[in-house]
Amino acid sequence: MTNPSVLIFTGRLLPTSETFIKAQAEGLVGFTPYYVGARLINGLPLPAERTMVVNQGSPLGKLREYGFKRLGIAPGFYRRLSQVNPQLVHAHFGVCGALALPLANALKIPLVVTYHGFDASMTDDYARKDSLSTRTYLRRRVALKQNAHQFLAVSEFIKANLIKQGFPPEKVCVHYIGIDTNRFQPQPSVTRQKKILFVGRLVEKKGCEYLIRAMAEVQAVEPEAELVIVGEGPLRPTLETLAKATLKRFVFMGLQTSDQVKQLMNKATLLVTPSVTTADGDAEGLPMVILEAQAMGLPVVSSYHAGIPEAVVPNETGLLTAERDWQAIAKAIVQLLQDPHRWQAFSHNGQQQVSKHFNLSEQNKQLGQIYQSLAKPGSLAR
């Protein structure tokens, strides 16, 4: 007997930064995931036999993508999806939930939407200016609140934002995605080095500027400490200029694979994620890199921002500072560099924290229960 099918929907399949979507889907027990969306991009490899998109790359495909996003029209796409007899649609990101609403209606199946961060905090002004997809989200938001069956928030912060925006409280629950704790484990045989690691897109909300400013103070008292920056983004030239002007030891490594990041986490002494809220409302949900680092025994210095305090327990698994307070960031880094006993306690506690609350296998069991509650016989009537 084959497992029932679920449609994992996002507009673009699938950026390299969204490994958590694939990890969650492939870790499902009792359901077979099909990846569906508006178009394929050059990102994560997906199983071809379980991947279907509106726009397959031709000029006609672009027109079909526009019709799907603007009007919800994609009859051929819906027919193909109906052939796998899906039990529900699980859309990632609120904007994609709005895009998936006509799909769920056409197939007469429940819609689950996970909100991850900026999708729950962006301003309407930003959404009107950003893209066709965000404008569609604004037009369909009321219908989405009414017709989606379940909203999953990746943190309590996101849940509170959704309820504040008028999402039905009875439809909103917190569901941590989690990470594979069997895969993310430290190798004690590898010697830690005085490397301060940053992993993330080089955009304003990640706060890398404040880490660079902090590292100038850190290197004044710990000259061997090196800043390692992993990631790409529009701010890279500006950040490199600042680093060259203020730091002695630093490296920008660009994009790295998940395995490469794991190796860097095993060698580093700290992960620093000084996230901030931007003027247009951009904020984190709960950065997966923080969970990965703690699972790897790597203590975290971060900020009191969004869902981060739900993952980093202050003074137990890491240290948190106010947003943009680079002097406090520097002080926290130095404290952990100079106190090996505290570092070791944070390392141990972080592994325990992730194992207890953010284990992907356990979180997927909970997700499967949510799916079953919606897809059981009699629940498909709308």
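Which residues form one aromatic cluster? Phe-9, Phe-68, Phe-77 and Tyr-78 do.

This is a predicted model, in which local features need pLDDT of at least 70, side-chain atom pairs count only at pLDDT 80 or more, and totals for chains, interfaces and linings use all residues. Residues are numbered from 1 along each chain as its sequence is written, and side-chain values use heavy atoms, without hydrogens and water.

**View A. Tyr-115 packs edge-to-face with Phe-167.** The whole structure holds 10 aromatic pairs (Phe, Tyr or Trp rings, the latter by its six-membered ring, with centres within 6.5 Å; planes under 30 degrees apart are stacked, over 60 edge-to-face, the rest tilted). Here the ring centres are 5.5 Å apart and the planes stand at 75°. Tyr-115 sits in strand β6 (residues 111–115), and Phe-167 in the loop between α8 (156–164) and β8 (172–174), 52 residues apart. Helices (H or I, at least four residues) and strands (E, at least two) are DSSP runs, numbered from the N terminus. Tyr-115 is buried, at 0% relative accessible area (buried is under 20%, exposed over 50%, partly exposed in between; 1.4 Å probe, protein chains only). Phe-167 is buried too, at 1%.

**View B. Phe-151 also meets Phe-167 edge-to-face.** The centres lie 5.0 Å apart, with the planes at 85°. Phe-151 belongs to strand β7 (residues 150–153), so the pair ties together parts 16 residues apart in sequence. Phe-151 is buried, as is Phe-167.

**View C. Lys-145 lies over the face of Phe-167.** The distance from the ring centre is 5.2 Å. A charge sits over a ring if NZ of Lys or CZ of Arg is within 6 Å of the ring centre and within 35 degrees of the ring normal.
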